[in-house]
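Try each task before reading its solution.

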Amino acid sequence: MTTTTDLVSYEDALASYDPVMGLEVHVELGTKTKMFCGCSTELGQDANTQTCPTCLGMPGALPVVNAIGIESAIKIGLALNCEIAEWCRFARKNYFYPDMPKNFQTSQYDEPIAFDGYLDVQLEDGETFRVQIERAHMEEDTGKSTHVGGATGRIHGASHSLLDYNRAGIPLIEIVTKPIEGAGERAPEVARAYVRELREVIKALGVSEARMEMGQMRCDVNLSLRPHGREKFGTRSETKNVNSLRSVERAARFEIQRHAAVLNDGGTIIQETRHFHEDTGTTTSGRVKEEAEDYRYFPEPDLVPIAPSRAWVEEIRAGLPELPLARRNRLVAEWGITALDMQSILNAGALDLIVATIDAGADAASARKWWMGELARSANESGVALDELAITPVQVARVAELVLKGDLNDKLARQVIEGVLAGEGGPDEVVDKRGLKVVSDDSALGTAVDEAIAGNPGIADKIRGGKVAAAGALVGAVMKATRGQADAARVKELILEKLGVSEG
Ligand SMILES: [Zn+2]
């Protein structure tokens with residue numbers, strides 16, 4: 001067995017081989033009820049409280065398809081530039097597993113509802129890569145097994161297992177790419193960018209929250225290598241249920257290095273499923289992969305075929321929202337930023353927050369500045385995501401407004417933000433409590449200006465002599481004396497006035 005110690009370096013692997021990937025993403029739809037029965041899909045309920053004869057696979061129970069599930073599948077298909085089937089059926093995928101009480105999964109086989117599409121994804125440098133989509137089909141989730149008594153939570157070493165069928169029958173859409181070729185060393189980056197773009201699309205469509213950390217979206221990474229110049233694909237491995245963007249990239253990268261090591265040694269890659277381990281960034285062998293015929297697929301006799309009318313499909317198409325890539329391209333133009341700037345905003349998870357801040361009245365430049373500067377730094381320091389910070393877009397917009405009105409300068413605004421984050425209240429409250437308003441009142445500033453002039457006679461003389469630029473030093477002294485709260489522009493005017501000098 002190949003271990004991490006005899007991996008080939010990434011560069012060496014790419015020097016000999018081209019990676020070919022296939023990505024299979026499962027998305028749990030956010031429907032209120034399950035795919036084939038009326039049971040609730042709400043998360044976090046007591047085990048086995050959301051079940052019925054249909055999703056428990058009782059003899060004689062009959063499924064009925066969820067119309068919202070079909071509509072969601074069509075939305076996803078259209079957003080991925082797919083053809084929508086005029087007629088398709090569900091199929092039974094037969095296999096036994098304790099978390100699947102029917103002994104088959106209701107899925108789609110050779111008649112997917114959506115097929116032959118593509119998704120353009122953006123790489124870190126702003127370049128676009130087109131990923132071809134093979135199909136998007138409907139199926140249902142299985143129940144959940146919890147293995148008790150072992151050290152790892154896996155079945156090996158467990159004393160017993162618990163089964164919860166609340167998840168059994170929750171609608172899933174599986175989206176399968178065609179082989180992704182030609183990405184070369186950027187293959188892992190393409191995998192990550194694809195899953196991210198797909199997640200953005202799913203969220204924009206409103207069909208699922210697509211939270212990977214909650215298992216609402218998970219990715220199987222199929223990977224194979226072939227020597228440069230060869231057409232035939234190598235044997236692939238399938239790393240199952242990878243549940244973060246970073247892990248998708250790491251899993252692809254690791255498999256490239258592992259495959260290269262096996263092939264360089266003259267070994268053969270076994271077609272198998274593998275598990276990815278977050279802690280080590282490695283994969284280990286799962287089970288030998290079944291072929292499609294092992295599942296003895298056949299058309300589901302209890303469900304009628306699905307024949308979405310063209311009128312309905314066009315109605316759904318007309319109702320699609322602006323899709324994420326188009327939206328980002330529009331914002332890049334509107335905000336006058338580069339594709340690279342947009343990548344940073346996206347990486348920071350700041351896009352929706354910035355847009356919400358602009359919607360709350362801030363100008364685009366200020367909204368970007370605060371979220372990508374001060375707030376990104378705070379989030380980073382406390383190790384939380386931007387949207388978990390204790391400040392709302394409306395509050396950030398208010399800070400930006402106070403700066404625009406001249407009530408706050410940048411330095412004071414940072415203190416206000418700090419106060420809001422510390423739970424001292426909204427921006428106005430923090431300004432009041434901490435006494436942070438910019439002082440532009442002449443009587444309050446006059447004394448500080450007088451003191452600065454008296455304390456720096458040499459500089460004052462230079463200014464009297466016409467060196468207006470020297471006023472900066474006195475402004476600095478006043479700002480220091482007022483702990484940054486003075487209105488710098490007004491201070492400069494006062495200094496020049498008092499010294500009898502005019503600016504122009
Ligand atoms: Zn049910």
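Buried means under 20% relative accessible area, exposed over 50%, and partly exposed in between, using a 1.4 Å probe and protein chains only. This is a predicted model, in which local features need pLDDT of at least 70, side-chain atom pairs count only at pLDDT 80 or more, and totals for chains, interfaces and linings use all residues. Residues are numbered from 1 along each chain as its sequence is written, and side-chain values use heavy atoms, with hydrogens and water left out.

**Exercise 1. The aromatic pairs**

Task: find how Y295 and Y297 are arranged, and classify each by accessibility.

Solution. Start with the rule: rings of Phe, Tyr and Trp (its six-membered ring) pair if their centres lie within 6.5 Å, and planes under 30 degrees apart count as stacked, over 60 as edge-to-face and the rest as tilted.
A search of the whole structure finds four aromatic pairs. One of them joins F36 and F90: with ring centres 5.2 Å apart and planes at 85°, the pair is edge-to-face. F36 sits in the loop between β1 and α2 and F90 in the loop between β2 (83–84) and β3 (91–94), so this pair ties together parts that are 54 residues apart in sequence. Helices here are DSSP runs of H or I with at least four residues, strands are runs of E with at least two, and both are numbered from the N terminus. F36 has 4% relative accessibility and counts as buried; F90, at 2%, is buried as well.
Now for the tyrosines: Y295 and Y297 are also edge-to-face, at 6.0 Å centre to centre and 70° between the planes. Y295 is buried because its relative accessible area is 11%, whereas Y297, at 21%, counts as partly exposed.

**Exercise 2. The zinc site**

Task: list the protein donors of the zinc ion and name the geometry of its site.

Solution. Donors are N, O and S atoms within 2.8 Å of the metal (3.2 Å for Na, K and Ca); water is not among the atoms, so sites may look incomplete.
The SG atoms of C37, C39, C52 and C55 qualify, lying 2.3 to 2.4 Å from the zinc ion. Along the sequence these residues follow the spacing C-x1-C-x12-C-x2-C.
Next, check the angles: four donors count as tetrahedral if all angles lie between 85 and 135 degrees. The angles at the zinc ion run from 100 to 114°, and the site is tetrahedral. Both C39 and C55 are buried.

**Exercise 3. A glutamine in a loop**

Task: is Q108 buried or exposed, and which backbone oxygens does its side chain approach?

Solution. Q108 belongs to the loop between β4 (104–107) and β5 (114–122). Its relative accessibility is 1%, so Q108 counts as buried.
A polar contact is a pair of N or O atoms within 3.5 Å; within protein, one must be able to donate a hydrogen and the other to accept it, and residues adjacent in sequence count only if both atoms are side-chain atoms. The side chain of Q108 reaches the backbone oxygen of E111 at 3.0 Å, and a polar atom of that side chain lies 3.3 Å from the backbone oxygen of R89.

**Exercise 4. An exposed valine**

Task: which residues does V64 contact beyond its neighbours within four places in sequence?

Solution. Contact means heavy atoms within 4.5 Å. V64, in the loop between β1 and α2, is exposed, with a relative accessible area of 59%. Beyond those neighbours, V64 is in contact with M35, F36, C37 and L303. The C-alpha atoms of V64 and L303 are separated by 6.9 Å, although the two are 239 residues apart along the chain.

Key
Four donors count as tetrahedral if all angles lie between 85 and 135 degrees; four count as square planar and six as octahedral if opposite donors are over 155 degrees apart and all others between 65 and 115; anything else is irregular.
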